[in-house]
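This briefing covers one protein structure. It is arranged by topic for quick reference.

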Amino acid sequence: MTKVSLIPCESYERERVERAVREALSSLGGMAAFASPGMRVLVKANLLMKRAPERATTTHPEVVRALCREIRAAGAQPVIADSPGGPFTLGALRGVYDACGMRAIADEGLAELNDDFSSVTRAYPEGHAARSLELLACAARADAIITVGKLKTHGLTGMTGCVKNLFGLVPGTIKAEYHARYPDVDDFSDMLLDLCACARPALAVLDAVEAMEGEGPSGGRPRHVGAILASPDPHAADAVAAELIGIAPEQVTTLRAARRRGLLGAAEVVGARVEELAVSDFDIPMQKRGVLSGAWWLGHIPAFLKPRPVFTHKSCDGCGTCLRACPAHAISMDENRRPRVDMQRCIRCFCCQELCPKTDVNVYRNPLFKWLR
């Protein structure tokens, strides 16, 4: 039975976070169980976009900082890395590192910041959806990977945590290609599980001190949960996190795929009990698919009844981020630099919502079919 540490952490005050992270790791054998002297350990934080930590869009720097201290204490070298949404360039990445608080960690001498944009193709013949995967070279070279997710709702997968966080190991625009290659959410989720198995993270840590509810992963609101989770199994960590905020495993497409593939077993929760920290009224914009999932007639639902992105033109400044992010090339800009979407081409990946810097994109779900994703 896989252990999941669930440790209360009421704020991002430095000493409190360090204590919670240390306690979470101690239940799993300490950082020495995952990092040894001389190892290079890739710390894969969720750095979705250039946004301040208090917005709860990205992994909080105090959680990353505490982990880096533990890695260094074990004699290993932490390297913080991610391929955020949008352009994967040195200027853009530096801006993300600065805004998300990662630069300050490096300036303390606690970690390196990855600035290598090269990638490698790693064969994965055991994959269910992907038989090979394009990964950041720094991830392929790392002696160990720690996925440090942020607990948030997600318009496509239902929730993002430790498994979905690993999608940031796919470099730059290749992520958009993967969305186009796997337009069905279940196929996309199988690819995420293949990616997780291929990357083989040694440890999964989840920042659930301040989570995001509503229109996540970038357009929702911070919601206090007050927890740090850790486990050697990212699927188990995500399952306990989903229970914390009241999302059934069937509502989270990666957990549904993990259960279908026999990767999601019972977990032994150590530390606090789930019911002690559970949030009963977490705002989850989707509803259960339940027994309707996979019904033969779902493919015949008219397009106008399916979920779709809706743009708030009144506040949109026409930056074009959604246009560049759309893997299906379904978005165009009108004469007033306002986005329009061709729903015949839209694959409902909701990258436009995920990457909109002003949160001017929402996902509309017909009240009759809210369970559709």
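The model is predicted. Strand S7 (residues 144–154) is mostly covered, with 11 of its 11 residues buried. The whole structure holds zero disulfides.

**Strand S7: burial**
- One side of S7 carries Ala144, Ile146, Val148, Lys150, Lys152 and His154, and these are all buried.

**Strand S7: pairing**
- S7 runs parallel to strand S2 (residues 40–45), and five bridges join the two.
- Ala144 in S7 stands opposite Val41.
- Six bridges link S7 with strand S9 (residues 203–213), again in the parallel sense.
- Strand S8 (residues 158–160) runs antiparallel to S7 and is joined to S7 by three bridges.
- Three residues lie between S7 and S8 in the hairpin that the two strands form.
- Lys152 has Met212 as its bridge partner in S9 and Thr160 as its bridge partner in S8.

**Arg65 in helix H2**
- Arg65 lies in helix H2 (residues 61–73).
- Its relative accessible area is 6%, so Arg65 counts as buried.
- Beyond its neighbours within four places in sequence, Arg65 is in contact with Arg14, Glu18, Ile105, Glu108 and Leu110.

- Cys196 is buried, at 5% relative accessibility.
- Cys352 is in no disulfide either, and the nearest cysteine sulfur, in Cys346, is 6.6 Å away.
- Cys352 has a relative accessible area of 8% and is buried.

Methods. Residues are numbered from 1 along each chain as its sequence is written. This is a predicted model: local features need pLDDT of at least 70, side-chain atom pairs count only at pLDDT 80 or more; totals for chains, interfaces and linings use all residues. Side-chain values use heavy atoms; hydrogens and water are left out. Helices (H or I, at least four residues) and strands (E, at least two) are DSSP runs, numbered from the N terminus. Buried means under 20% relative accessible area, exposed over 50%, partly exposed in between (1.4 Å probe, protein chains only). Contact means heavy atoms within 4.5 Å. A disulfide is a pair of cysteine sulfur atoms within 2.5 Å. Two strands pair if DSSP finds at least two bridges between them.
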